[in-house]
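Please keep the sequence and the coordinates at hand while reading.

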Amino acid sequence: WHWEDVSKLKWSKERLGELLTGLDSGIDASQGSLRLTGVRSITGEASITTRKGNKRFAMFDLVITADYEGQTASSDKKVRGTIKLEDFTSHSDEDEYTFSTTVEGSGSEQDECKRIAEGMKDKVMEQLRKFIEEINSL
């Protein structure tokens with residue numbers, strides 16, 4: 001009775017793009033560098049449920065794929081890959097999210113950049129916590 005779901009998928013895509021694009025690994029430059037260059041895709045659902053015009057709760061179930069570019073300290077070669085987050089839902093705990101990385105090509109530079117990308121999990125999670133706080137306050 002008088003329940004309404006208002007889609008927040010567009011807002012979620014824009015906000016997650018802002019929060020993740022440009023995110024840097026923050027490691028010492030002597031070890032290399034890596035940053036997220038953009039969000040490739042966000043699929044799923046995000047909505048605010050209201051009853052009689054009053055917000056009740058935010059719900060989301062998203063899969064996020066972001067591109068990264070990096071390089072090792074020993075090479076000027078640019079390495080590209082993706083970070084993917086699955087099971088990013090409003091009813092899951094952080095330890096239930098699935099975080100994975102891929103790298104284009106193979107070799108020692110790719111292996112090192114993939115390792116750096118895997119080490120970005122905490123930084124990505126920090127941005128996702130901001131998103132959760134913000135969507136819950138809409």
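## Basis of the model

The model is predicted, and for that reason local features need pLDDT of at least 70 and side-chain atom pairs count only at pLDDT 80 or more, while totals for chains, interfaces and linings use all residues. Residues are numbered from 1 along each chain as its sequence is written, and side-chain values use heavy atoms, with hydrogens and water left out.

## Overall composition

The protein comprises three helices and five strands, where helices (H or I, at least four residues) and strands (E, at least two) are DSSP runs numbered from the N terminus. Read from the N terminus, the order of these elements is β-α-β-β-β-β-α-α. Taken along the principal axes, the C-alpha atoms fill a box of roughly 65 × 25 × 25 Å.

Of the 138 residues, 38% count as buried; here buried means under 20% relative accessible area, exposed means over 50%, and partly exposed lies in between, with a 1.4 Å probe and protein chains only. Among contacts (heavy atoms within 4.5 Å) between residues at least 6 apart in sequence, 59% join residues at least 24 apart.

The charged side chains number 20 positive and 26 negative, and the centres of the two sets lie 5 Å apart. In this count Lys and Arg are positive and Asp and Glu negative, with His and the chain ends not counted, and each charge is placed at NZ of Lys, CZ of Arg, CG of Asp or CD of Glu.

## The sheet

Five strands form an open sheet in the order S1-S2-S3-S4-S5, with antiparallel pairing, two strands being taken as paired if DSSP finds at least two bridges between them. Strand S1 (3-7) and strand S5 (98-103) are the edge strands, each pairing on one side only. On average, and with direction ignored, neighbouring strands of this sheet are turned by 15 degrees against each other; axes are lines fitted to C-alpha atoms, for helices over the stretch in contact, and angles run from 0 to 180 degrees between N-to-C directions.

S1 is joined to strand S2 (residues 32-51) by five bridges in the antiparallel sense, and within this pairing Val6 has Ile48 of S2 as its bridge partner. S2 and S3 in turn pair antiparallel over 18 bridges, with Ala46 standing opposite Phe60 in S3. The hairpin of S2 and S3 has two residues between the strands, and in this hairpin Lys52 takes a positive phi near 55 degrees. S3 and S4 run antiparallel and are joined by nine bridges, and their hairpin has six residues between the strands.

## The helices

Helix H3 (residues 121-136) lies across S2, strand S3 (54-72), strand S4 (79-89) and S5, and runs at about 155 degrees to S3.

Helix H2 (residues 108-118) contains Gln110, which is buried, with a relative accessible area of 5%. Beyond residues up to four places away in sequence, Gln110 touches Lys77, Val79, Val103, Glu104 and Gly105.

## Selected strand residues

Asp5, in strand S1, counts as exposed at 57% relative accessibility. Apart from neighbours within four places in sequence, Asp5 is in contact with Ser47, Ile48 and Thr49. Asp5 and Thr50 are 45 residues apart in sequence, and their C-alpha atoms are 6.4 Å apart in space.

Two further residues belong to strand S3, namely Val63 and Asp67. Val63 is partly exposed, with a relative accessible area of 23%, and, neighbours within four places in sequence aside, is in contact with Ser41, Ile42, Thr43, Lys84, Leu85 and Glu86. The C-alpha atoms of Val63 and Ser30 are separated by 33 Å, these residues being 33 apart along the chain.

Asp67 counts as buried at 19% relative accessibility, and the bridge partner of Asp67 in S4 is Thr82. Not counting residues up to four places away in sequence, Asp67 touches Arg35, Leu36, Thr37, Gly38, Arg40, Gly81 and Thr82.
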